[in-house]
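Please look over the structure below before reading on.

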Amino acid sequence: MSLQPLDLKSRVADQVYDAIYNAIMSGEFEAGRRLQIRDLATELGTSVMPVREAITRLEQAGIVETGPYRGAVVKGFSSEELHNIYQVRKLLEADAAQKGVEGHSPDVIPKLEDLHLHMRQQLEAHDYVGYLDGNDAFLTELYTGANNPVLLELIGNLWNRGRHIKLVGVKNQMAGGAMEPLIRFQRQLIDAVIANDPQAAANVTYRSLDAALERIQGRLTEPSPDN
């Protein structure tokens with residue numbers, strides 16, 4: 001990927017952050033990729049200072065890591081780290097799904113149906129970033145019924161932290177020619193909302209996250225800094 005030169009009319013450091021962040025979230029910058037500050041500054045048409053600031057912010061967000069002799073790299077995750085992240089996600093998202101069913105508005109079902117169809121279409125088009133965006137929108141729509149903005153914020157932070165890893169899991173699943181596992185659990189969540197069954201929604205969420213972890217476990221464990 002070639003980064004585009006910046007529009008210097010707005011704050012440069014924010015634009016640099018957005019450019020690198022978007023490259024990571026889209027999978028263009030994969031886990032383990034070196035982030036050479038001078039090279040990034042050259043591509044973006046800026047000095048090294050805003051790039052350093054952006055790298056620091058990305059490290060604080062848990063998306064980039066730095067170490068001696070290798071500088072900054074897009075963060076990968078060991079099996080233990082992935083397990084820990086998904087354990088926390090299960091606790092938060094099962095609660096959000098359960099309370100989301102309990103507090104959902106009447107118009108949420110057609111919205112979820114539309115988003116589910118959109119996700120299928122994105123997969124058929126092999127637009128994996130679009131699929132993940134659709135999945136986030138689907139779950140956000142459901143979890144909003146929990147009426148807990150703090151819970152949504154915590155979940156969103158975990159999504160962002162591991163999004164580039166999830167993208168690998170989606171690509172691996174589709175490489176095997178199997179789409180249904182990527183949209184099956186969302187269908188079950190819609191059914192739980194229709195049945196007004198909060199516990200079913202929580203159970204589906206547990207199974208969904210276990211399946212997601214299985215897709216990516218072992219695929220991105222401590223990637224080489226030479227990637």
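In sorting residues by class, Ala, Val, Leu, Ile, Met, Phe, Trp, Tyr, Cys and Pro count as nonpolar, Asp, Glu, Lys and Arg count as charged, and the others, Gly among them, count as polar. The model is a predicted one, in which local features need pLDDT of at least 70 and side-chain atom pairs count only at pLDDT 80 or more, while totals for chains, interfaces and linings use all residues. Residues are numbered from 1 along each chain as its sequence is written, and side-chain values use heavy atoms, with hydrogens and water left out.

The C-alpha atoms fill a box of roughly 55 × 40 × 30 Å along the principal axes. Buried residues (under 20% relative accessible area with a 1.4 Å probe, protein chains only, where exposed means over 50% and partly exposed lies in between) make up 45% of the 227 residues in the chain.

Where is empty space left inside? Rolling a probe the size of a water molecule over the atoms shows this. A cavity is a set of points, on a 1 Å grid over the protein atoms alone, where a 1.4 Å probe fits but cannot get out, and its lining residues have an atom within 4 Å of a point. Grid points are joined across faces, edges and corners, and a volume is the space filled by probe spheres set on the points. A search of the whole structure finds two cavities of 30 Å³ or more.

The largest cavity holds about 280 Å³ of space, and of the 22 residues that line it, Asn135, Gln186, Ser208, Ala212 and Arg215 are the closest to its centre. At least two lining residues come from each of α4 (79-102), α6 (128-143), α7 (149-175), α8 (184-194) and α9 (198-216), with the largest share, six residues, coming from α9. By class, this lining has 13 nonpolar, five polar and four charged residues.

The second largest cavity has a volume of about 60 Å³, and the residues that line it include Phe77, Tyr86, Trp159 and Ile216. Here α4 and α7 are the elements that give two or more residues to the lining, and α7 supplies the largest share, six residues.

A nonpolar core is a set of buried Ala, Val, Leu, Ile, Met, Phe, Trp, Tyr and Cys residues joined through side-chain atoms within 4.5 Å. The largest such core has 31 residues, of which Leu123, Tyr131, Phe138, Leu142 and Tyr143 touch the most other members. Its largest share, seven residues, comes from α6. Leaving aside residues up to four places away in sequence, Tyr143 is in contact (heavy atoms within 4.5 Å) with residues including Glu93, Leu152, Trp159 and Thr205.

Lys75 lies in the loop between β2 (71-74) and α4. Is this residue buried or exposed? Lys75 is buried, with a relative accessible area of 10%. Among the residues that Lys75 touches, not counting those up to four places away in sequence, are Glu65, Glu81, Arg161 and His164. The C-alpha atoms of Lys75 and Ile24 are 9.7 Å apart in space, although these two residues are 51 residues apart in sequence.

Notes:
1 Å grid on protein atoms, 1.4 Å probe; cavity = no way out; pocket = protein on both sides within 12 Å on 5 of 7 lines; lining within 4 Å. Helix = DSSP H or I, 4+ residues; strand = E, 2+ residues; numbered from the N terminus.
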